[in-house]
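Keep the structure open beside you as you read.

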Amino acid sequence: MDEGIIRIFGRHELKGGHSQIVGRKIYKYDTVGSTNDIAFMYGAKKEKEGAVIWARSQAKGRGRLGRNWISHKDKGLYFSLLLRPEITVQNASTITLVAAVAVTNFLRKFSGLEFLIKWPNDIVIKDTKICGILTEMDAEAVKIKFMVVGIGINTNFRQSELPVKESTSLKILLQKEIPHDTLLNACLKEIDTYYSLFKSKGYKTIIDEARHLSGLWGRQVRVSQLNTNEIIEGIATDFDDSGALVLRLHNGFLKHINCGDVKLLR
């Protein structure tokens, strides 16, 4: 990534790099409310696909279902991607899987540890969360104008600083301070690889890889479906070809779930 920095309205704009799509332009902020909100602003202003919003801290970081995402300064890597995939609203969840596969593979390469995907948007190690992904979109009817993918990776938190007991950080796992510039550059390169693969070959290749990286198979889970408020329990068995989670229910039938909040029961 080119280290030439242009200061504009309190932000840094880094231009350059060798990415195909993701990371060709990076806007670096000191503190923002939410990187997703800033990315939405750029999306509405017709910023090109692949722009990245990166902040040292967030005052109003958020996760799925309106949950807070604690974003202390330099304790995590907080960034959002602006994407313009040519897909329907129905298939929007596949973009979350693209990001999850890419970040999981990146974390494995960086650390040498066996990180896994906890569908639909968390990355964990031994059921302990290290990363969350929040995908939002601007769409009309079935057409997506643009999507924003927010990613938060716990990097330099000490255990006492983490707000959730079942979470960890790279510093805890690797026993060293993590440099964010190097981390972001390598992470964006991996995301760019998988997003380019998704655009050229479709989402089947991504879903196949997500199957190998899932930490749910064979486990009893409880899923709260977001669209119906229905709660379903079953054994997680697979992703279908659209990326939906497949559960085997107690009666033996299979249930395909497109969107939900997953809790591990055993």
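Two rings of Phe, Tyr or Trp (its six-membered ring) make a pair if their centres lie within 6.5 Å, and planes over 60 degrees apart count as edge-to-face. This is a predicted model, and five aromatic pairs are found in the structure.

**Aromatic pair Phe40 and Phe146**
- The ring centres of Phe40 and Phe146 are 5.2 Å apart with planes at 65°, so this pair is edge-to-face.
- Because Phe40 belongs to helix α1 (residues 35-44) and Phe146 to strand β9 (residues 143-154), their pairing ties together parts that are 106 residues apart in sequence.
- Phe40 is partly exposed, at 23% relative accessibility, while Phe146 is buried, at 3%.

**Aromatic pair Trp217 and Phe239**
- Trp217 and Phe239 have ring centres 4.9 Å apart and planes at 70°, so they too form an edge-to-face pair.
- Trp217 sits in the loop between α5 (204-213) and β10 (220-225), and Phe239 in strand β11 (residues 231-239), so the pair ties together parts 22 residues apart in sequence.
- With 28% relative accessibility, Trp217 counts as partly exposed, whereas Phe239, at 1%, counts as buried.

**A charge over a ring**
- Lys28 places its charged end over the ring of Trp54, 4.6 Å from the ring centre.

**Helix α1 from end to end**
- Which residues of α1 are buried? They are Thr35, Asn36, Ile38, Ala39, Tyr42 and Gly43.
- Viewed down the helix axis, the buried residues of α1 fall within an arc of 160°, so they line one face of the helix.
- As a general point, an α-helix has 3.6 residues a turn, so residues three or four places apart point the same way.
- After α1 comes Lys46, which has a positive phi near 70°.

**Strand β4 and its partners**
- Strand β4 (residues 52-58) has six of its seven residues buried, so the rest of the structure largely encloses it.
- Strand β3 (residues 25-32) runs parallel to β4, and six bridges join the two; Thr31 has Ser57 in β4 as its bridge partner.
- The chain gets from β3 to β4 by way of α1, making a right-handed β-α-β crossover.
- Strand β5 (residues 76-83) runs antiparallel to β4 and is joined to β4 by four bridges; here Ala55 has Tyr78 in β5 as its bridge partner.

How values were computed: Residues are numbered from 1 along each chain as its sequence is written. This is a predicted model: local features need pLDDT of at least 70, side-chain atom pairs count only at pLDDT 80 or more; totals for chains, interfaces and linings use all residues. Side-chain values use heavy atoms; hydrogens and water are left out. Rings of Phe, Tyr and Trp (its six-membered ring) pair if their centres lie within 6.5 Å; planes under 30 degrees apart count as stacked, over 60 as edge-to-face and the rest as tilted. Buried means under 20% relative accessible area, exposed over 50%, partly exposed in between (1.4 Å probe, protein chains only). A charge sits over a ring if NZ of Lys or CZ of Arg is within 6 Å of the ring centre and within 35 degrees of the ring normal. The arc is that of the directions from the helix axis to the C-beta atoms. Two strands pair if DSSP finds at least two bridges between them. A crossover is right-handed if, with the strands pointing away from the viewer, the path from the first strand over the helix to the second runs clockwise.
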